[in-house]
Amino acid sequence: MSRTFNGTTQYLSAASTLLADEPLSLLCWGNANNITAAHIPLGLGNNGASGRFNIGMQGNVGGDPIYAVKDNDAGTGAVFAASSTGYSATTWHHVAGVYRNNTSRDAYIDGGSKGSDTATRTDPTPDFISIGALRTNTLAGFFDGSNAEAFFLDYALSDAQVALLGKGIHPLYVGVPLANIRGWYPLLGDDNNRMANGYPNLTPTASPTFSAHPPKIIPARLGSRMSL
């Protein structure tokens, strides 16, 4: 199953200050209903300021790219990497943002189409994790469509690892250390984190529904790894 959001009021969130700086990777499967709006499948935000890390499926931008966005608490101005190709409406896509340091971030779609940004931006202090919208001092980017298999990693993925993840492979299979997977939300009938000692379970707002899971997901079996 996946979580389906109405694009106006529904999202999942929880308070947490677990991760606040690079290295950091955000990734999930997203299926947006249109290529006209800015959809935010997941992010980390400061509930009282502008600071954030988030992925955007930018249907409001020509070419409909994936963004990997960062801004600091002062709202100096969001910087972002943009994938070189865009998403299609009503289609499952693997979307990923990799934040390497204060001057390096990359965006990917379906394991490739990497776009990079090297603008300097200091770190925010996020205190909320969210799926289906971005929770900062304003709620924004309500997702119109479905999300599944969301990951929050204390780790900067390589291009080769992202390519495998885009095929539906679990991060454990591509060499991501177990301790660095701080959030894994399959959204299979609940909103719980499958990783201990990481982010908390999420709380739904405005009753998002459940829908079919992406067809390309390869089930994870702990102990199985690929070496890159």
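This is a predicted model: local features need pLDDT of at least 70, side-chain atom pairs count only at pLDDT 80 or more; totals for chains, interfaces and linings use all residues.
Helices (H or I, at least four residues) and strands (E, at least two) are DSSP runs, numbered from the N terminus. Residues are numbered from 1 along each chain as its sequence is written, and side-chain values use heavy atoms, with hydrogens and water left out.

S83 lies in strand β7. Its relative accessible area is 6%, so S83 is classed as buried; the term buried stands for under 20% relative accessible area, exposed for over 50%, and partly exposed for what lies in between (1.4 Å probe, protein chains only). Contact is defined by heavy atoms within 4.5 Å. Not counting residues up to four places away in sequence, S83 touches P65, I66, A107, Y108, I109, S113 and G115.

One of these residues, Y108, belongs to strand β9 (residues 104-109). Y108 is buried as well, with a relative accessible area of 2%. Residues up to four places away in sequence aside, Y108 touches I66, S83, H94, V95, A96, V98, R100, K114, D159 and V162. Y108 and A96 are 12 residues apart in sequence, and their C-alpha atoms are 5.2 Å apart in space.

**Polar pairs**

A polar contact is a pair of N or O atoms within 3.5 Å; within protein, one must be able to donate a hydrogen and the other to accept it, and residues adjacent in sequence count only if both atoms are side-chain atoms.

| Side chain | Partner | Distance |
|---|---|---|
| Y108 | D159, side chain | 2.6 Å |
| N34 | H39, side chain | 3.0 Å |

N34 is placed in the loop between β3 and β4 (38-45). With a relative accessible area of 17%, N34 is buried. Beyond residues up to four places away in sequence, N34 touches H39, Y87, A89 and D144.

**Nonpolar cores**

In soluble globular proteins, nonpolar side chains tend to be buried together. A nonpolar core is here a set of buried Ala, Val, Leu, Ile, Met, Phe, Trp, Tyr and Cys residues joined through side-chain atoms within 4.5 Å. The largest such core has 30 residues, and those with the most contacts inside it are L26, L42, L44, I129, I131, F152 and Y185. Strand β3 gives the most to this core, with four residues. Apart from this core lies another, of 19 residues, including L27, A96, L153 and W184.

I131 is in contact with F5, Y11, L12, P41, L42, N147, A150, F152, Y185, L187 and L202, leaving aside its neighbours within four places in sequence.

**The loop between β15 and β16**

L187 lies in the loop between β15 (181-185) and β16 (203-205), and P186 lies in the loop between β15 and β16. L187 is buried, at a relative accessible area of 0%, and P186 counts as buried at 2%. P186 and R3 are 183 residues apart in sequence and 9.2 Å apart in space, C-alpha to C-alpha. Neighbours within four places in sequence excepted, P186 is in contact with M1, A148, E149, N192, R194 and H213.

**Backbone geometry**

Most residues other than glycine have a negative phi, and most peptide bonds are trans. Phi of L187 is near 60°, a positive value. Phi of T90 is also positive, near 55°. T90 is found in the loop between β7 (79-86) and β8 (93-101) and is exposed, with a relative accessible area of 56%. The peptide bond from E22 to P23 is cis, with omega near 0°; P23 lies in the loop between β2 (11-15) and β3.

**The largest pocket**

On a 1 Å grid over the protein atoms alone, a pocket is an open set of points where a 1.4 Å probe fits, with protein on both sides within 12 Å along at least five of seven lines; lining residues have an atom within 4 Å of a point. The largest pocket is lined by 18 residues, of which E149, F151, H170, I217 and I218 lie nearest its centre. β3 (24-32) and β14 (144-153) each supply at least two lining residues, and β3 gives the most, with three.
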